[in-house]
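Please work through the exercises below with the model at hand. Each task is followed by a solution in steps.

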Amino acid sequence: MTQHRLRAGFGYGVVATIAMSILMFLAVVSGTSPMSQPIPKAVVTQLFGSYLPKPMLMAFAIGLHLGYGGVFGAILAWIARPVTIRNGLALGIGLWALMQVTFLPFLGWGLFGTAITPAIAVAMFVLHLVYGGVLGWALDRELSSMSGESPTTAD
């Protein structure tokens, strides 16, 4: 049962990351994003330099982002009993806060992206709520069906 929880958490963490990434990508290509590029791409560029061929840079960025989301999905499935939308959202908010004080300063964008625009913090907050909501909802349904219980509806 624990292995199933971890596999489900990782898998749905990847699914939730894809959901938030689609929104991030659409905002960047439509010009409505406060960021000039998706943060995973910016992080990989900062780590490895811009000399990497673009396909390799994008593969690393996508792999890093999906892996990060999957690992935190597995952690949620392992720790939370039961997994609910509420604790999925709490995880999303926690990851958002971690990003604001670690990744954004690492990129030179300042705490909460304020070296560029505070709108970055707001946009990333919404994206992380999408991640946490999708993750919590999907895991709640998956793990409840496995145990024969109905998914929680209190959240």
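The model is predicted: local features need pLDDT of at least 70, side-chain atom pairs count only at pLDDT 80 or more, and totals for chains, interfaces and linings use all residues. Residues are numbered from 1 along each chain as its sequence is written, and side-chain values use heavy atoms, with hydrogens and water left out.

**Exercise 1.** Describe how helix 2 and helix 3 cross, and state which residues make the contact.

*Solution.* Step 1: locate the helices, which are DSSP runs of H or I with at least four residues, numbered from the N terminus. Helix 2 covers residues 39-48 and helix 3 covers residues 54-79.
Step 1: compare the axes, which are lines fitted to C-alpha atoms over the stretch in contact, with angles from 0 to 180 degrees between N-to-C directions. The two axes come within 8 Å and cross at roughly 115°.
Step 2: list the contact residues (heavy atoms within 4.5 Å). Helix 2 contributes P40, K41, V43, V44, T45 and F48, while helix 3 contributes L57, M58, F60, A61, L64 and H65.
Step 3: sort these residues by class (nonpolar: Ala, Val, Leu, Ile, Met, Phe, Trp, Tyr, Cys and Pro; charged: Asp, Glu, Lys and Arg; polar: the others, Gly among them). The contact has nine nonpolar, two polar and one charged residues.

**Exercise 2.** Describe the largest pocket and the second largest pocket.

*Solution.* Step 1: apply the definition. On a 1 Å grid over the protein atoms alone, a pocket is an open set of points where a 1.4 Å probe fits, with protein on both sides within 12 Å along at least five of seven lines; lining residues have an atom within 4 Å of a point. A volume is the space filled by probe spheres set on the points, which are joined across faces, edges and corners.
Step 1: the largest pocket holds about 350 Å³. Of its 16 lining residues, S21, F25, P38, M58 and I62 are the closest to the centre. Helix 1 (2-30) gives the most to this lining, with six residues.
Step 2: the second largest pocket holds about 210 Å³. Among its 14 lining residues, P40, H65, Y68, M99 and F103 lie nearest the centre. Helix 3 supplies the largest share, four residues. This lining has 10 nonpolar, four polar and no charged residues.

**Exercise 3.** Which residues do ring pairs link into a cluster?

*Solution.* Step 1: rings of Phe, Tyr and Trp (its six-membered ring) pair if their centres lie within 6.5 Å. The structure holds five such aromatic pairs.
Step 1: the cluster consists of Y68, F72 and F103.

**Exercise 4.** Describe the peptide bond from R81 to P82 and the phi of F112.

*Solution.* Step 1: recall that most residues other than glycine have a negative phi, and most peptide bonds are trans.
Step 1: the bond from R81 to P82 is cis, with omega near -5°. P82 lies in the loop between helix 3 and helix 4.
Step 2: F112 has a positive phi, near 60°. F112 lies in the loop between helix 5 (103-106) and helix 6.

Terms used
Helix = DSSP H or I, 4+ residues; strand = E, 2+ residues; numbered from the N terminus. Phe/Tyr/Trp six-rings, centres within 6.5 Å; stacked < 30°, edge-to-face > 60°.
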